[in-house]
Amino acid sequence: KVHKGGEDACVANENLIAVADGVGGWADKGVDPGLFSKQLCRDIEKLFREKGSQLTLKELLVEAVKLNKNTGSSTAVLASL
């Protein structure tokens with residue numbers, strides 16, 4: 001896990017905190033679970049910058065998942081400040 005940067009990701013700024021815990025079971029299927037969680041956090045941050053006030057956190061997460069082309073899954077927690 002360490003040599004790939006782990007399976008988890010996070011993003012934090014003055015208005016948003018998001019943590020994505022990549023599901024390690026995907027590794028059994030030859031998928032790097034970290035790719036999904038890292039892309040998810042990048043997309044959450046991008047969407048928050050672009051549309052933060054227009055979307056609820058749930059809508060933000062759903063849109064970020066739709067953008068993610070990586071195979072995988074993740075638990076996620078988002079908080080806006």
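How many bridges join β1 to β2? Five bridges join these two strands, which run antiparallel; here strands (E, at least two residues) and helices (H or I, at least four) are DSSP runs, numbered from the N terminus. The structure is a predicted model, in which local features need pLDDT of at least 70 and side-chain atom pairs count only at pLDDT 80 or more, while totals for chains, interfaces and linings use all residues. Residues are numbered from 1 along each chain as its sequence is written, and side-chain values use heavy atoms, with hydrogens and water left out.

A hairpin of three residues links β1 to β2, and V11 has A18 in β2 as its bridge partner. On the β3 side, A18 stands opposite L78, and seven bridges join β2 to β3, again in an antiparallel arrangement. Two strands are taken to pair if DSSP finds at least two bridges between them. Together, the three strands form an open sheet in the order β1-β2-β3. Because β1 and β3 stand at the edges with a single partner strand each, one side of each is left without a neighbour in the sheet. Neighbouring strands are turned by 5° against each other on average, direction ignored; axes are lines fitted to C-alpha atoms, for helices over the stretch in contact, and angles run from 0 to 180 degrees between N-to-C directions.

Both helices described here pack on this sheet. α1 touches β1, β2 and β3, and its direction makes about 165° with that of β2; contact means heavy atoms within 4.5 Å. α2 touches β2 and β3, with a direction at about 140° to that of β3. In β2, the covered face consists of L16, A18, A20 and G22, whereas I17, V19 and D21 form the uncovered one. In a regular strand, side chains alternate between the two faces of the sheet.

D32 lies in the loop between β2 (16-22) and α1 (33-51), and is buried, with a relative accessible area of 18%; buried means under 20%, exposed over 50% and partly exposed in between, with a 1.4 Å probe and protein chains only. At the start of α1, a side-chain oxygen of D32 reaches to within 2.9 Å of the backbone nitrogen of G34. Residues of α1 that are buried include P33, G34, F36 and L40. The buried residues of this helix pack against β1 (8-12), β2, α2 (57-67) and β3 (74-80).

Technical notes. Polar contact = N/O pair within 3.5 Å; in protein donor to acceptor, adjacent residues only side chain to side chain.
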